[in-house]
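Hi,

Here is the model I promised to pass on. Have a look at it first, and my notes follow below.

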Amino acid sequence: MSAPGSYCRPRDRWGTFAESCAELSEGPALAIADARVLRLHRRVGQALKAKGVRVLPVTAGESAKSLARVEALARAAADLPRGATVLAIGGGTVGDLATVFAHLFKRGVGRFIQVPTTALAAVDSSVGGKGAVNVRGVKNALGVFHFADEAWLCPELFSTLSEAQRREGRFEALKMAVTLDARTWAAWRAHPPAEQALIREARALKDQVVLRDPYETKGLRVVLNFGHTFGHVLETVTGFRLRHGEAVGLGMLCALDVGCALRATPREVTEEVETTIFGAGRGEARARLARALQRTSAAQVARLLAADKKSSEGAPRMVLLHGLGRWTTATVDRATWEHCLRAWKQGFQWGEGEG
Ligand SMILES: NC(=O)c1ccc[n+]([C@@H]2O[C@H](COP(=O)([O-])OP(=O)(O)OC[C@H]3O[C@@H](n4cnc5c(N)ncnc54)[C@H](O)[C@@H]3O)[C@@H](O)[C@H]2O)c1
C-alpha cells in the first residue's frame, strides 16, 4: 500500500454535489468548506449532513492559507481517526489549506477529495497535489505534496461565479495550452471552448505534466509557473487585492516581455499570446499592470524575487516561451527585469516607447 497522498492519476467524477456525496463510502469524514459556498449552495450542507460528514467552514482568501488555520482545523478534528476522509470544498485557497491539513493530520488522512468550486481551482489548483500556506506575506512559503484520491466536478456550483472569476480560470487554462500544446492553443483560439470543455482539457493538460514529474524533481513541472514569478510579485505588492488568476494573467505579460528582452521569445509570439489572452481588454490589462506597480520600487521587487522558491542567488529563474507550446527556463539578470519594470510602470510593453 502506498503512503497517504502519494501520486495517483486523478479520478474525476462529474455530476451534482448531491449525487457524488450520496456515493461517499461510509466512515468518519470531514469537509473543510468555503463558508461562502455553503451559504450560496445550501444543498451542499444538506448533502453532507445526510451523510453525517462534519463540516468546518472556512472564510476563503489568502488569509486562510496560514499555519494558524491548519492548527485550528487540527484542534476541531482532533477526535477523528487518521483513516478519515477529508473533503476540500472551495476555491484554491481552501484547497491549498485543506491539502496541507490532509497531509499533516495524524501523518496523512485516509482519503482526500477535492471539490473545486472556482474556475481557477477546477482547471488548476485541484490537480497536481500541491498545497501550501503563506508565512508573513511570503506566498506558499510552506507546502506539501498530497494528491487527491478523487475530484468531484459539480457544474451547478460554478453557476454563482462572476465573470471576473471565470476569467481567472481561463487565464490559468490558457497558460497550460500556450506552454504545453500548440494544437490545443490553436484550437482554442479558433473556437473558444465552453466552460466544462475548458476545464476537462486543462485538467488533462496539467495531468500530463504532473504524471511525468509528480514531485517536481525533474524540472518539468516548473512550466506550470509560467506567469507566476511576477504574478506573485503583483499579488504581494497589491496586498493580495489583485487576485491570483488576474495576477497570473498580468504575470504572463511580464514573462512575455522578459522573454523578448532576452531574445528568447519572438515578438510575433508575444503579440499573438497577448491578444489572445486579453482580446479587446489588452490596453486595460497594461494599464492595470502599471497601476499595480505604481508605488513599487525596484528594491522591493528585488527582495520579492529573491524570496521566490525558483530564484538562485537572488536572481529569478523564469519560464519563458520559445514559441507556441515550446518553453525554456532562464535566469534573469536585474538589469533586464528592471528595464522591463520601467516600461510596465508606464503602461508599455518592453521595447515600446523608447524612441
Ligand atoms: N495548489 C496549486 O497547484 C495551485 C495552483 C494555482 C493556484 N493556487 C492557489 O489558489 C489560490 C487562488 O484560488 P481561487 O482564485 O480559487 O481563490 P479563493 O479560494 O480565494 O476563491 C476566490 C473567491 O471565490 C469565492 N468562491 C468560491 N467558490 C465560489 C462559487 N462557487 N461561487 C461564488 N464564489 C465562490 C470564494 O469565497 C472567494 O471569495 C491562490 O492562493 C493560489 O496560490 C494553487
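I began with the helix pair H11 and H13, which are roughly perpendicular to each other (angles of 65 to 115 degrees). Helices here are DSSP runs of H or I of at least four residues, strands are E runs of at least two, and both are numbered from the N terminus. Helix H11 (residues 244–261) packs on helix H13 (residues 282–293) at about 95°, with the axes 10 Å apart; axes are lines fitted to C-alpha atoms over the stretch in contact, and angles run from 0 to 180 degrees between N-to-C directions. Gly249, Leu250 and Leu253 of H11 meet Ala285, Arg288, Leu289 and Ala292 of H13, where contact means C-beta atoms, placed from the backbone, within 7 Å.

A word on provenance: this is a predicted model, so local features need pLDDT of at least 70 and side-chain atom pairs count only at pLDDT 80 or more, while totals for chains, interfaces and linings use all residues. Residues are numbered from 1 along each chain as its sequence is written.

Now the domains, whose bounds come from an automatic or database domain assignment. The protein chain splits into domain 1 (12–160) and domain 2 (163–345), and their C-alpha centres are 27 Å apart. Domain 1 puts 19 residues into the contact and domain 2 puts in 24 residues. On the domain 1 side, helix H6 (119–125) and strand S7 (138–145) are the elements that give two or more residues, and H6 has the largest share, with five residues.

Enjoy exploring!

Methods:
Angles under 35 degrees count as roughly parallel, over 145 as roughly antiparallel, 65 to 115 as roughly perpendicular and the rest as oblique. Two residues are in contact if their C-beta atoms, placed from the backbone, lie within 7 Å.
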